[in-house]
Amino acid sequence: FYLTPPQVNSILKANEYSFKVPEFDGKNVSSVLGFDSNQLPANAPIEDRRSAATCLQTRGMLLGVFDGHAGCACAQAVSERLFYYIAVSLLPHETLLEIENAVESGRALLPILQWHKHPNDYFSKEASKLYFNSLRTYWQELIDLNSGETTDVKEALINAFKRLDNDISLEAQVGDPNSFLNYLVLRVAFSGATACVAHVDGIDLHIANTGDSRAMLGVQEEDGSWSALNLSYDHNAQNEHEVERVKMEHPKSEEKSLVKQDRLLGLLMPFRAFGDVKFKWSIELQKRVVESGPDQLNDNEYTKFIPPNYHTPPYLTAEPEVIHHKLRPQDKFLVLATDGLWETMHRQDVARIVGEYLTGVHHQQPIAVGGYKVTLGQMHGLLTERRARISSVFEDQNAATHLIRHAVGNNEFGTVDHERLSKMLSLPEELARMYRDDITIIVVQFNSHVI
Amino acid sequence: AARMLLRLLSDVRWRAANPKWRRMTCSRRSTSSTAEPHPVSLPAQAQVVICGGGIMGTSVAYHLSKMGWKDIVLLEQGRLAAGTTRFCAGIVSTARHASIELKMADYSNKLYQQLEQETGVKTGYMKTGSVSLAQTQDRLISLKRIASSLNVMGIPCEIITPKQVAQLHPLINIHDLVGAMYVPEDALVSSANVSLALATAASRNGVQIHERTSVSHVSVQKGRVTGVETDRGQIQCQYFVNCAGQWAYELGHSGEEPVNIPLHACEHFYLLTHPLKEPLASNLPTIVDPDGRIYIRNWQGGILSGGFEKNPKPLFTEGRNQLEIQNLQEDWDHFEPLLSALLRRMPDLETLQIMQLVNCPESFTPDMRCIMGESPTVRGYFVLAGMNSAGISYGGGAGKYLAEWIVNGYPSENVWPLDLKRFGTLQSSRTFLRHRVMEVMPLMCDLKVPRWDFQTGRQLRTSPLYDRLDAQGARWMEKHGFERVKYFVPPGRDLLDLDQSKTFYKPDWFDIVGSEVKCCKEAVCVIDMSSFTKFEISSTGDQALESLQYLFSNDLDVPVGHVVHTGMLNEKGGYENDCSIARLSKRSFFMISPTDQQVHCWAWLKNRLPDDSNLTMEDVTWKYTALNLIGPRAVDVLSELSYAPITPEHFPSLFCKEMSVGYANGIRVMSITHTGEPGFMLYIPIEYALHVYNEVMNMGQKYGIRNAGYYALRSLRIEKFFAFWGQDLDAFTTPMECGREFQVKLEKGMQFVGQEALLEQKQNGVYKRFTMFILEDHDTDTDLWPWWGEPIFRNGRYVGKTTSSAYSYTLERHVCLGFVQHFDEKTGEELVVTTDFINQGEYEIDIAGQRFQAKAKLYPFSSLFAHRRRKDEVELSGYQRE
């Protein structure tokens, strides 16, 4: 069983999406040129999600990748909702008032976000009313709170993450008279998702990360080579500080049982996540909600199961760690990706592959004739061959696709091996998850003319 | 010239000290020059200081010294002929489109031919001829046009078949050719040695040459050059000549008074090979394959081949940059398309061994023509640079014209197309230049068709109505950075895209312009003509009138409110400018000139107006939007918009009134149209432009008003035999030669510039005469269209060239305008051209080798003039321009 190159391409490109920041008067005044994103499923259905949007009432652009576990419900909800929470957190008081007044009097609402979505990135229609009401409650509270201070981006990001997670939890506790929605909010709350979100406004780049997805900056050194700069810390057992934090938050008696086999309570890989109420609610609350919940929930062994050594919840938080970075001229691009990518590729290789792809310079040694005897015909053959090689690199129109091609198809020499690529992509559904994880990538390209 | 020391080319006599680019300070190794010994110190003063020891600098020095000027110092920062000149491919080619360029190349060729004999320096001159190939019919047409020009200049040239091409060159593959042009007298030289020969001759004539001397800046006092500062001291001088090649821009900006020299360097590559097994003969013709974008010449038994790629690499945008200099290396990947074209043209070269790929920056200009002349801001500051890779072809002629310019005050030919003053500060943005040269360099090989416009560096200067007009289907061209409408594409109508619209035949906009012309004739049209140059000259007393009376040929002492069409002439009576001047009050005048006169006219007047603080001149071009209301119903539209009476009794032709239009006040309305149709020019303070335009369009609706563009205007003015400065008129054309005696008041009671020359002409007659030609047996649909520069034949003999042409929708014929001369049949001497001589001839116009019968006329068709409104207007005048 063998996939032809066009078949491979159609698989790789099925979810690719590109957005170019529109130019005004032939000039792009934004610090972002645009972004490429793509995802390759391993799970069926895929549990990763991605989002990208431009803030319309404040400046800046939001981009995020979300890695779901125990189903895709939570990742889906977070991908739909989180950016609204962030945008609302960033809005000045007057705008919030204006929006509230508009809702109150039934007038058209100011648009808050302009989404940049692939056709496969869907929003759930059924829950939109529910989600909207929760969001509205949030901004009403913000209006009441009116601190009068200008909004700090870092604070806004943290508040938005925490608030959304709180709303997910509340909605599940309250339930919904509509049985479909009732089941939906429970699925959202009982599944989990990590989130890695970037907010870019001019040269200010904020990364808010919860979980083990990762943000990495591609930096071009003076000599033209590429290096990687991490802009997030993984929240998992490999991060000492994170292990330390978890231990601090619980009594000493639990120290041994908190992290087992590199997992939280021996179960969960990421140490921070949205949803996952099984790691957040008290045992009583969990039991009450599951019992009063629909049959499907009751039949599910996973939801009924209480983690071992569960004494002092919550064990898990959605609070992000926020890193602020001022963009420099040498910062050329940002890669946001779920752990599916980072498991297979070193960040240094990611920086190089994307950097060379974006600049189109593949640091092929320039040809010099020097003292050698070369005929015009030989030179011509050599140049034609080089050009063919370069154009094969360009068969990807999308940096994220290009990266996935390398992540899946790289052989031991670091070049894409078509046979390997074909094999990896033709694995049957049930086997795919053994060899690779869902991969979601966003590559944001910065505008060197502005930075 | 530059600090370029790439690798040694063996036909250059000097040993290069460095294999790569390097600072001169690193290469102080002294190598004795064959041209001249090193004087120890610089002189304290000189009449002329020339900066740059390349082909341009040495040619200027050579010609100045030939003309008798001896007190000349030539400074070169590195070594003589070490910059672009050294790496020039050495092809002397006369196949040029513009006639002035053709003349320069022809002169250069003749000069180089005898230079070795004159100086004893071996120049490597070899008459090989050149063959320009055509892969398409359009290319062949383009070559045929050049061939026509060459032939009438007496330069042998013929159009040949592919088979004949194969006979001229043994290696050439002819299967994809449709024809070619053979110029047997084109030559090859070693450009560095030509430059050295010129330097040798100059130095024998007394010119001092100093190498390794860098000019840091030019000192200016009261708008005049006073001296130069170098790294080896100061030299006082009266004239400075900037021949710094690709560094000319920077040098121009180094002084306190910047001189804008718009040029930008691009990398240029060519290939050198080892000899063939059977070495190529040294007299094999040079092959130019413009469709393949390459040229190929024989070089020491092998070949030298370069070209002009589609994706040039501009460099030194931010000035001289050591890093970029070091990075100037062979870029084979970049050269690949040219190499492919070469092997396609000469497949047998496959086995030929490469010697080197040379990377040699060349400087390019915004309009593909070189830059020469005096700075408009600093007197005595001359420039010769920006050769667009044709330095060796132009070197001799360009140096000669510039030397004449310095010595006599003007060159012996019309060099306006090359004049530095055709540019202003607006073409000096580095971003503009970088983008523009990336378009210009590929154009070197692109097909040159009539009416093409540059695509880069656009939308720089625009009228406030730009967006309104654009939304109504305007298609734009650019003049002096200003966007002007060509025509309006009606809704629902599609035109060909840019590449496909290139044609030598009937263009796709033919009936669009036709309907605009019809509307101008029958109803009313509005044309935005804001690009015109507008000056206001006023004084506290009579100074303005007195000065203008002296500088202009017509009588400007007219009642307030009159508009006068007049030439601004030079001492020889030639047109430096052709303009309309309105007398606004006793002491102030409003002057309207062609768009590209902004720099030239300003400099001309500035240099000649008395230095009197009570006399002021202001450039108000940007303050006014100009709308031309043209057509028989223009008067009705304007009447409805103003309470002032507009009828011919109250507002006769050639009047100017300040009045209100709609709500807007202070609109200068002139009863002139620039086309000979009835109508008005409205000069509107820019903030009212949109208002007045809207009012005019609303009110005009019932009279059938519509927008029109410059193509309609051009057709209208040419069919009425109106000459246009810069196209038909130039500094070598007098009013007497184009039937405009009535615009000259020889007896206006005071002297004026050019008067003597005109009096003499009046007495002795003219040697050329502006004539209108109606093409007789020309089929508009299927025949090639005339453009300009077509040879005119009278009774089978060449008598001159056309200067402009247009299709007349009224006459339903093509009209060409041009000058007729009278050459003695035996001696070729120029004789007086009489009316009889014009009238008693059978004429033909040669369009790309095909001759069409033409009817000559010295006066326009009176039937084309709708009506006469004032008695003194009866003179059928060419007072207009575009």
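How many salt bridges does the count come to over all chains? In this predicted model, the count comes to 53 salt bridges over all chains.

In chain A, helix 1 spans residues 5-13, and its buried residues are A:Val8, A:Asn9 and A:Leu12. When the helix is viewed down its axis, these buried residues fall within an arc of 100 degrees, so they line one face of helix 1. The partners against which the buried residues of helix 1 pack are strand 2 (32-40), helix 15 (399-409) and helix 16 (418-425), which belong to chain A.

Strand 2 of chain A, one of these packing partners, has eight of its nine residues buried, so the strand is largely enclosed by the rest of the structure. Strand 2 also takes part in strand pairing. With strand 1 (residues 17-20) of chain A, the pairing is antiparallel and extends over four bridges. Within this pairing, A:Phe19 has A:Phe35 of strand 2 as its bridge partner.

A:Leu431, A:Met434 and A:Tyr435 make a nonpolar surface patch of about 360 Å². A:Leu431 is located in helix 17 (residues 429-435) of chain A. The relative accessible area of A:Leu431 is 36%, and the residue is therefore classed as partly exposed, the class that lies between buried, under 20%, and exposed, over 50%.

Among the salt bridges of chain A is one between the side chains of A:Arg163 and A:Asp167, with an N to O distance of 3.4 Å. Both residues belong to helix 5 (residues 153-174) of chain A and lie four residues apart, about one turn of the helix. A:Arg163 has a relative accessible area of 15% and is buried. A:Asp167 likewise counts as buried, at 6% relative accessibility.

A salt bridge that links separate parts of chain A is formed by the side chains of A:Arg272 and A:Glu242, at 2.8 Å from N to O. A:Arg272 lies in the loop between strand 11 (263-264) and strand 12 (274-275), whereas A:Glu242 lies in helix 7 (residues 240-248), so the pair ties together parts that are 30 residues apart in sequence. Relative accessibility is 8% for A:Arg272, which counts as buried, and 2% for A:Glu242, which also counts as buried. Both residues belong to a network of salt bridges that links A:Glu242, A:Arg245, A:Glu249 and A:Arg272.

In chain B, a salt bridge joins the side chains of B:Asp367 and B:Arg422, with 2.7 Å from N to O. B:Asp367 is placed in the loop between strand 20 (362-364) and strand 21 (371-374), and B:Arg422 in the loop between helix 10 (391-408) and helix 11 (430-443), so the pair ties together parts that are 55 residues apart in sequence. B:Asp367 counts as buried at 15% relative accessibility, and B:Arg422 is buried with a relative accessible area of 7%.

Strand 5 (residues 130-134) of chain B has five of its five residues buried, so the strand is largely enclosed by the rest of the structure. In a regular strand, side chains alternate between the two faces of the sheet. In strand 5 of chain B, B:Ser130, B:Ser132 and B:Ala134 point one way, while B:Val131 and B:Leu133 point the other way, and all are buried. Strand 5 is joined to strand 7 (residues 179-183) of chain B by five bridges, and the two run antiparallel. B:Ala134 stands opposite B:Gly179 of strand 7. With strand 15 (residues 286-289) of chain B, strand 5 pairs in the parallel sense over three bridges. The bridge partner of B:Ser130 in strand 15 is B:Thr286.

Chain B also contains an open sheet of three strands in the order 3-8-4, with antiparallel pairing. Its edge strands are strand 3 (91-92) and strand 4 (126-127), each of which pairs on one side only. Strand 4 is joined to strand 8 (residues 187-188) by two bridges, and B:Met126 stands opposite B:Leu188 of strand 8.

Notes
Residues numbered from 1 in each chain as written. Chains lettered and ligands numbered in written order. Predicted model: local features only at pLDDT ≥ 70, side-chain atom pairs only at ≥ 80, totals over all residues. Heavy atoms only, no water. Buried < 20%, exposed > 50% of the residue type's maximum accessible area, 1.4 Å probe, protein only. Arc of directions from axis to C-beta. Contact = heavy atoms within 4.5 Å. Patch = residues over 30% accessible without salt bridge, like charges linked within 9 Å, V, L, I, M, F, W, Y side chains within 5 Å. Areas by Shrake-Rupley, 256 points an atom, 1.4 Å probe, with all protein chains shown as cover. Salt bridge = Lys/Arg side-chain N within 4 Å of Asp/Glu carboxyl O. Pairing = 2+ DSSP bridges.
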